[in-house]
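Dear colleague,

I am handing over the structure that we talked about, and I would be glad if you could read the notes below it with the model open beside you.

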Amino acid sequence: MASLNVPGACGVVRSNGASASVRSCVQAPGLRSLQSAKATFGCRVAQRGFGLRAAAPRARCPQISAIAAEAPPPSKVHEGNGAGTRVMIIGGDGYCGWATALHLSARGYSVCIVDNLVRRTYDLQLGLDTLTPIASIHDRVRKWAEVSGKHIDLQVGDLCDFEFFSETFKSFNPEAVVHFGEQRSAPYSMIDRQHAVYTQHNNVIGTINLMYAIKEFNPDCHLVKLGTMGEYGTPNIDIEEGFLTVTHNGRTDTLPYPKQGGSFYHLSKVHDSHNIHFATKAWKLAATDLNQGVVYGLRTEETTADPALINRYDYDGIFGTALNRFVVQAAVGHPLTVYGKGGQTRGYLDIRDTVRCVQIAIDKPAARGEMRVFNQFTEQFSVNDLARIVGQEGKKLGIDVEVKNIPNPRVEAEEHYYNAKCTKLRDLGLEPHLLSDNLIDSLLSFVVENKDRVRMELIKPAVDWRKSGVSDATNRAAVAPK
């Protein structure tokens, strides 16, 4: 394979072999510690603050695809109603993005993944690893072609590099863009000043670039943006789906629901929502903002079609979500780490519902000039609820599960009112996979089989909101001091 850019840099590899210079931009913090990246990715690198500049031109990469006629007969691939609709998935190598790319491809959509592979770089920087041994994105795409007979276009590059992205956008000319391509971890954004700045720059500027591309090159393209329920915070009133009708001093208006993000990551999502809302009014873009709850699970129909298609499963204190972390902790005999009092309540959903929600949003798009907001979750649980459920299911499998309350590293209410609405996606046809005993049993069994890959030192959280400072804390972000 041709040499790749350092993930997170503005350099790219395009599957069509185009070449261009690499420019400096804001980078994922900690790249200076990856000295081996110069040799690994085949480019000469010079540091300038956060930026990297590669002296060599962009590398060429062969088309990553397979022709259906060369592949074996499809195996357990669902044929659906995508009808060739062109869908670009930004961040298609990530947890939600990969599952969504396969789900849509299997159902007849023409899919293009755009990803700078920086999620993998985060693991290298922080010393983390997914529980599941995931293949490279190139091998993933090749294997999907072999298993399904379907082609996924792959473009490796950075959304924050507008030259790369504009060319990629014009070439594929998507009818819908699904935007997963953001730094998605609240703890990561609170490691130190560098990680906070990187998170805001990467997320906000990337989304602005995407909106400008739609405006200039295909104004009819529908933007499906992954937001987060964390934008709302935990208000002492019901959480509506995006907008709130208010009567004040005798006058009534419908306004965007007040936002109270609980980290620099969540606040980047708040900025995204405001920017998208503005663009729908100013430029008549069509946008759907999916305020997603906490996702759990590993398997979808497509990611189980071959071991090389398996999704990532994070269990550490930076990228691991609550239920996924608890299942791993139970399986390896570690106490379930409940932050504070454990009354923190959030919306949750199965990864199988994530991909279905995205498909619904694409199939039933917003109108030009419309900013829709869907609260994308199916059930509400407190952290204590999850610990109790995992404990009960663990006992059925002969696992003695202990629960331990630890000091909360986050700044958040630990006991609060929480009642969020989530009816719009169901009204459009979502049939939820509710959390079941069988799912917990399946996850526990899977983790028990792979527990030799669990690194115990990564379980306890090491990032404290109150201690985030200006000094580089990359090397101590993943493992808490003893």
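Strands β9 and β10 form a hairpin with two residues between them, and N249 in the turn has a positive phi of about 50°. Strands here are DSSP runs of E with at least two residues, helices are runs of H or I with at least four, and both are numbered from the N terminus. This is a predicted model, in which local features need pLDDT of at least 70 and side-chain atom pairs count only at pLDDT 80 or more, while totals for chains, interfaces and linings use all residues. Residues are numbered from 1 along each chain as its sequence is written, and side-chain values use heavy atoms, with hydrogens and water left out.

L244 has L255 in β10 as its bridge partner.

The protein chain as a whole contains 13 helices and 17 strands. Of its 482 residues, 58% count as buried, that is, under 20% relative accessible area with a 1.4 Å probe and protein chains only. Among contacts (heavy atoms within 4.5 Å) with a separation of 6 or more, 82% are between residues 24 or more positions apart.

Lastly, the lining of the second largest pocket has 14 nonpolar, four polar and four charged residues, where Ala, Val, Leu, Ile, Met, Phe, Trp, Tyr, Cys and Pro count as nonpolar, Asp, Glu, Lys and Arg as charged, and the others, Gly among them, as polar.

Best wishes

How values were computed:
Buried < 20%, exposed > 50% of the residue type's maximum accessible area, 1.4 Å probe, protein only. Pairing = 2+ DSSP bridges.
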